[in-house]
Amino acid sequence: MEKLAGFYTSKGKEYALVLVFFLLVAILFTWPLVLHLHNGIVGGHGDPLLNAWIISWDAKTIFTNPSGLFQGNIIYPSRDVLAFSEHQFTLGLIAAPVYLIFRNPILAYNFLVFFCIVLSGFGCYLLVKELTGSRWGGLAGGLFFALCPYKLSQLSHIQIFFSPFLPFMLLYLYRFLERGKWKNLVLFGVFFVAQSLSSWHYLLYSALAAGLLWLWKAVFSRKKEDWIRLAMVVAAIVVAALVILPFTLPYFRAHQRLPGFERSLKEVELYGAKGDDYLRVLDVSVVYGDAPSPFQEGGIGYENVLYPGLMILILAAAGLLLRRREGEDHLVCDPASFRKGALYFFVLGVLSVLLAFGPKIGGWDNPFYMIPYNLGLLQFTRVPTRFFLLASISLGVLGGYGVAKLAMRASASSRGRDGGWKIGRLAAAGLLALLLLELLTWNLYVYPIPTGGDVPEVYDWLADQGDVRIVELPTHVLGPAGTYDRDLKLAPLDIFDYLYREGDIMYYSAYHWKQVVNGYSGYSPFTYRRTITEMQGFPSQRSIDLLRGLGIDYVLWDWYWVPSERMEEYNIRLFSTPGLSHVGDFENKSVFRVESGPVASPTEMEVRAVAPDAVPPGTGFDLGLLVSNPTAASMVCVEEEPQRFTLVCRDGVGNVAAEVQGEYRPPFFVDAGETISVPIRVEEGLPEGRYAMELSLTGGVLADQDFELGMEIAGMPDSTAPGVLAGEIILDAGGPLTVPSPDGLYPLAVAGVKNTGDTLWRALPQIEDYNLAPGEVHLGLAWTEADGTLWEYQGCSLPCDVSPGQEMEVPMLVRPPAVPGEYILQLQLYAEGIGWFGEALQVQVIVVNNLMSEV
């Protein structure tokens with residue numbers, strides 16, 4: 001028996017002791033979480049509670065309604081909402097017994113934390129032992145991979161923290177490539193699928209690690225038997241892909257249906273690694289907690305805690321640089337083992353560090369990232385630093401090599417003495433202790449979370465109410481969002497406060513599972529952003545009309561979130577607003593029913609098509625639809641599928657010069673008497689000439705409609721490279737305008753604009769990245785108080801491009817000030833990247849609170 005590592009007498013005892021070791025260090029590193037398994041969480045009320053909800057939803061749905069797995073109960077009325085984030089299928093499956101027995105989302109979540117640490121450590125232990133023959137090396141490698149600083153910083157992102165099957169996948173792939181056997185191939189496939197279905201990030205990381213190992217083996221293979229095994233691995237990957245494929249379909253559906261679903265390169269650059277990130281340490285580290293110079297402070301939830309520690313770097317260097325001496329016949333010194341193991345993980349580690357930098361390294365393009373990004377392989381990921389997970393397992397394995405080699409040398413130096421092998425053990429134990437001490441974290445903050453009988457009683461009541469839909473209010477106060485009639489951004493004044501509220505609401509929904517408007521995820525659809533913004537004005541009549549159109553049954557009003565100075569105001573408004581009826585009070589929450597009432601259909605809307613009179617040749621242009629609600633009821637359309645249009649352009653003799661098909665987004669909310677604009681983008685340019693155009697809406701929510709338009713294609717500058725930018729604003733207010741309630745959104749009026757210059761105004765398109773292209777023209781608004789104090793800049797988009805000499809209606813959807821009073825609203829045209837132009841128009845606007853006035 002190998003004396004260097006042999007301190008167990010059987011595999012069963014060995015594995016039991018190793019598992020106990022990793023359980024103990026898991027308890028130590030996460031202390032005092034073990035004392036709060038059932039009612040505490042690490043990382044705060046935001047992402048951890050989002051993930052607790054996902055895991056609970058998975059655990060509940062996998063066995064009761066698997067076909068409805070992606071139809072989560074949050075962000076109503078959107079579909080496939082689980083696809084807005086990671087589905088975490090593997091986590092839900094593993095946590096299901098705990099959740100289904102105890103019905104405690106927090107206990108199920110924390111069970112996964114300890115499961116991950118123990119299995120990650122144990123898997124890496126087996127992997128390092130396979131490569132080096134050293135149990136001590138295995139313990140060191142497993143300790144680092146399971147509890148390295150970067151992994152612990154991801155405790156608030158359990159889908160990234162959860163990596164227990166990655167080392168098992170590599171272990172069984174390595175065994176199959178070396179020794180064959182169907183068992184190894186099957187287990188490789190099982191662990192590949194299990195890890196990949198925990199997070200799409202791990203599908204990428206697992207594929208990269210397995211693909212590199214396959215390629216590594218292929219480079220050094222000379223035997224037919226090796227190539228047969230390599231082919232069988234490819235076949236196993238194909239089978240695994242077929243298993244994974246159904247989980248991708250909801251993401252493809254959402255991507256096709258919803259704009260802005262992929263990550264922009266600009267967003268990705270924000271999360272790429274920087275040089276000083278490799279000196280960023282955890283604030284809960286026993287050794288580095290005070291972040292002494294030159295270290296930078298990080299914490300749980302940070303994406304850039306990339307300092308691995310000095311000890312692991314020394315051990316990894318020893319694993320790479322200590323060469324075999326004559327007479328050293330241990331596996332760790334075998335050149336083949338070194339080439340197949342240590343060198344492979346060195347290359348994997350270097351590659352993952354390069355990828356962690358993201359699109360740029362020190363301001364230079366990073367080809368290692370940009371090539372796969374441009375191929376579409378990385379466009380679903382936002383945080384390049386997460387590639388450091390592969391560097392973590394690489395460092396763990398190389399550190400295991402280092403411990404094995406140093407312990408062997410210590411043992412060899414005592415050869416001839418009694419107990420020489422004990423010296424090797426002591427050296428290995430000392431190195432392991434030093435590594436543990438440097439990595440050690442202590443006294444993590446555990447956020448208390450109500451569970452069981454401590455959950456607010458309103459949710460027990462709600463669970464008994466049958467098939468109902470709810471919204472929890474008030475929403476967090478939002479900051480300026482710019483242009484409210486397009487894809488407005490959600491801008492909470494305090495993002496952490498917003499995540500706290502929405503995270504709590506999602507978590508509590510696991511105790512009733514009703515459809516709820518609230519929630520947050522990696523992607524927020526327009527309907528959610530618009531609804532949350534409209535609810536800033538609740539309980540205005542308009543906000544209640546929207547809730548009625550959405551089919552909302554109950555409003556849960558939380559008085560805890562109401563500022564003390566507004567308690568009386570909301571008390572009066574909530575109990576006086578038509579359309580709301582008080583159901584009951586539950587501690588700090590009141591429940592109101594949204595009373596039923598008439599709701600208009602999209603087919604009842606009046607639709608007009610508008611177009612520029614003229615545009616330059618060879619360039620795309622924007623048409624528009626003006627959708628008006630002539631009924632006495634609001635219209636809410638929850639359809640998210642893009643609507644189809646066809647544009648046929650005929651020349652002067654009636655020949656078809658072009659036929660364009662495209663998509664537009666259906667109108668979401670049009671209140672009684674309101675007019676909104678819907679943009680229609682035509683990408684294809686036309687040659688010069690006069691054209692008759694036939695615009696057809698086919699089979700959509702607005703029904704089949706046809707419009708005839710005329711347009712001239714002629715040379716002229718446009719606002720991206722303007723000649724003379726000039727314009728007028730036409731608004732016959734006939735006195736002060738009145739807004740009946742503060743905040744929220746309100747259709748103030750329909751203004752007119754006239755292009756008096758020589759330049760085509762390019763309209764604001766339907767956008768998702770909020771970065772306006774230079775030259776986009778919109779109607780700018782500035783709200784000021786009577787003393788000139790600015791309240792907010794806003795914008796209203798043009799319904800279509802506007803050519804020189806043309807007049808165009810502009811519906812003004814505004815967000816009025818939150819405080820009633822008299823305001824001056826200044827209107828002026830604005831070209832993005834150029835500035836204000838044309839004469840400004842000032843209008844007096846009175847924001848009132850009708851219900852308070854009546855009282």
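**Close-ups of a predicted model**

**View 1. Meet Leu143 and the residues it touches.** In this predicted model, Leu143 is in contact with Phe22, Val25, Phe29, Cys148, Leu432, Leu435, Leu436 and Leu439, leaving aside residues up to four places away in sequence. Leu143 belongs to the largest nonpolar core, a set of 179 residues, and together with Phe188 it has the most contacts inside that core. Which helix gives this core its largest share? That's helix H4 (residues 105-132), which puts in 18 residues. There's another core too, lying apart from this one: it has 38 residues, including Met605, Ala614, Leu647 and Leu760.

**View 2. Here's helix H14, running from residue 335 to 356.** Its 22 residues reach 30 Å from the first C-alpha to the last, close to the 32 Å expected at 1.5 Å a residue. After H14 comes Gly358, and its phi is positive, near 80°.

**View 3. Now for an open sheet of 5 strands.** Read across the sheet and the order goes S8-S7-S9-S11-S10, with mixed pairing. Which strands stand at the edges? They're S8 (515-516) and S10 (580-586); each has a single partner strand, so one side of each is left without a neighbour in the sheet.

**View 4. Zoom in on S7 and S9, a parallel pair.** Strands of a sheet pair through backbone hydrogen bonds, either parallel or antiparallel. S7 (residues 469-473) and S9 (residues 554-558) go for the parallel sense, over 4 bridges. Look for Leu473, which stands opposite Trp557 in S9.

How values were computed
Residues are numbered from 1 along each chain as its sequence is written. This is a predicted model: local features need pLDDT of at least 70, side-chain atom pairs count only at pLDDT 80 or more; totals for chains, interfaces and linings use all residues. Side-chain values use heavy atoms; hydrogens and water are left out. Helices (H or I, at least four residues) and strands (E, at least two) are DSSP runs, numbered from the N terminus. The expected span of a helix is 1.5 Å times one less than its number of residues. Two strands pair if DSSP finds at least two bridges between them. A nonpolar core is a set of buried Ala, Val, Leu, Ile, Met, Phe, Trp, Tyr and Cys residues joined through side-chain atoms within 4.5 Å. Buried means under 20% relative accessible area, exposed over 50%, partly exposed in between (1.4 Å probe, protein chains only). Contact means heavy atoms within 4.5 Å.
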